[in-house]
Amino acid sequence: MNNSLPENFDTFVDGRKQGFIRAKELKDSGQKMVGMFCGFTPFEIPMAAKAATVMVCGVDEEPIQDAERILPRNLCPLIKSSFGGALNDTCPYFYFSDMIIGETTCDGKKKMYEILGKFKNMYVMHLPNWPQLGKGEPGYELWRDEIIKYKEAVESNLETTITEDDIWEAIRDKNDERRITKEFYSLAKHVPSPFTAMELNNVLTQALFIFDREEMKESIRKVTAEGRERIKRGEFPAKAETPRILITGCPTSGVTDKIFKLIDEVGGSVVALELCTAGRGNETLVDEDTSRDVYDVIAERYLKVGCPVMMYDEQRFKVLDEMIDEYQIDGVIDVVLTACNPFGIESVRVKDFVTNTKHKAFMKIETDYSKSDVEQIRTRLEAFIEMLEDKAASRALATTL
Ligand code: BJ8
């Protein structure tokens with residue numbers, strides 16, 4: 001297949017950087033912007049206030065040095081990079097955000113927010129780390145109340161009023177985006193996948209920086225159409241017998257080149273992402289039944305984000321289970337950012353599930369935002385892909401018989 005990047009996919013290359021100009025234009029036009037860190041904070045609330053939402057998680061190595069003047073060095077790079085970008089105003093998204101929403105997920109973020117809140121306008125949502133989270137349980141009621149308090153904080157910070165109708169409209173809009181996004185990445189179920197790892201990842205991570213919602217959805221529809229065309233024409237970046245990889249673990253936007261680019265280079269095919277940008281954040285919708293309580297439908301849906309920062313969470317394993325089967329996965333790579341306790345500790349369980357329940361190959365990559373381990377990771381990935389080749393060939397043969 002022709003390796004030059006088709007125009008439709010080009011929209012998503014460097015989308016985060018291109019978004020700087022878009023964010024400035026948006027602010028110049030008088031629209032508000034809300035910075036967010038996490039898939040647990042309901043996007044629908046700032047959207048209902050007609051504000052743009054932007055992910056402010058740091059993805060660059062440069063701000064880390066500044067962050068380490070205040071934060072401990074032995075902290076996850078995502079936290080340090082985010083903090084450094086906010087500290088020196090080198091991250092335009094922090095600079096343009098009218099308010100920042102944090103959440104009590106991991107200890108590192110929680111404690112960083114305490115300091116960040118001294119120089120940025122922050123609101124922190126409290127997540128319930130309780131074993132029982134069904135409706136009527138104290139944990140559930142706490143979470144529903146938190147969503148109402150969050151709505152009130154957005155209203156007072158953005159000096160606006162949010163009606164229930166505004167929230168229902170935002171629910172439909174966000175669900176629509178989730179459906180369109182899932183339609184895109186589900187094309188990778190095809191054997192072989194019509195996308196390279198970088199294409200798949202770029203669309204899923206960079207679409208978030210197109211703030212005009214209709215433009216964003218249209219751009220995703222275009223790459224979905226391009227994917228369908230490739231399948232129809234039989235033009236694929238990989239072969240049926242290329243090892244099919246699922247990526248799980250910590251957010252990967254700061255390590256894209258070490259994971260997605262390298263897997264493309266060493267001859268694997270990334271077809272599924274159990275990450276916040278795909279399986280973890282898109283598989284469940286908010287119930288659109290307007291006869292129900294609007295805060296209940298949001299509370300319910302956001303408790304289904306399968307992330308190890310929550311205790312007693314089974315959702316991540318349910319999604320992993322389904323994705324491994326549906327995407328015909330040969331091997332799972334668990335990416336753990338240095339010093340991330342929730343994902344680091346849960347990696348033991350993920351390995352056990354992948355190898356002993358699903359009988360698939362497993363590899364853990366522990367890394368940070370530096371470039372020092374690129375060649376070491378390349379060598380490990382080469383060996384992993386090579387190890388999978390025979391099994392992948394048998395899998396491909398079995399599906400053609
Ligand atoms: S829903 S994945 S965005 S918490 S910052 S836990 S890497 S030590 S990010 Fe996340 Fe929400 Fe879950 Fe998604 Fe570890 Fe670093 Fe903490 Fe992190």
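## Surroundings of the ligand

Which of the 19 residues around the ligand come nearest? In this predicted model, they are Cys-38, Cys-106, Cys-276, Cys-307 and Cys-340. By class, the shell around the ligand comprises 15 nonpolar, two polar and two charged residues.

The ligand lies between domain 1 (7–163) and domain 2 (169–400), because both domains give residues to the shell around it.

## Packing of helices α15 and α16

Two packed helices are described by the angle between their axes and the distance between the axes. For helix α15 (residues 315–326) and helix α16 (residues 341–357), the angle is about 40° and the axes are 12 Å apart. Helices α15 and α16 are therefore oblique to each other. The crossing in which α15 passes α16 is right-handed.

On the α15 side, the contact is made by Arg-316, Phe-317, Leu-320, Asp-321 and Ile-324. Helix α16 contributes Phe-343, Glu-346, Arg-349, Val-350, Phe-353 and Val-354. Classified by residue type, this contact of α15 with α16 has seven nonpolar and four charged residues, and no polar ones.

## Packing of helices α5 and α7

Helix α5 (residues 77–87) and helix α7 (residues 107–116) cross at roughly 10°, and their axes come within 10 Å. As angles under 35 degrees count as roughly parallel, α5 and α7 are therefore described as roughly parallel to each other.

In this pair, Ile-79, Ser-82, Phe-83 and Ala-86 of α5 meet Gly-108, Lys-109, Met-112, Ile-115 and Leu-116 of α7. The contact of α5 with α7 consists of six nonpolar, two polar and one charged residues.

Terms used: Residues are numbered from 1 along each chain as its sequence is written. This is a predicted model: local features need pLDDT of at least 70, side-chain atom pairs count only at pLDDT 80 or more; totals for chains, interfaces and linings use all residues. Side-chain values use heavy atoms; hydrogens and water are left out. Axes are lines fitted to C-alpha atoms, for helices over the stretch in contact, and angles run from 0 to 180 degrees between N-to-C directions. Helices (H or I, at least four residues) and strands (E, at least two) are DSSP runs, numbered from the N terminus. Angles under 35 degrees count as roughly parallel, over 145 as roughly antiparallel, 65 to 115 as roughly perpendicular and the rest as oblique. A crossing is left-handed if the near helix is turned anticlockwise from the far one by less than a right angle, and right-handed if clockwise. Contact means heavy atoms within 4.5 Å. Ala, Val, Leu, Ile, Met, Phe, Trp, Tyr, Cys and Pro count as nonpolar, Asp, Glu, Lys and Arg as charged, and the others, Gly among them, as polar. A residue is near a molecule or strand if one of its heavy atoms lies within 4 Å of it. Domain bounds come from an automatic or database domain assignment.
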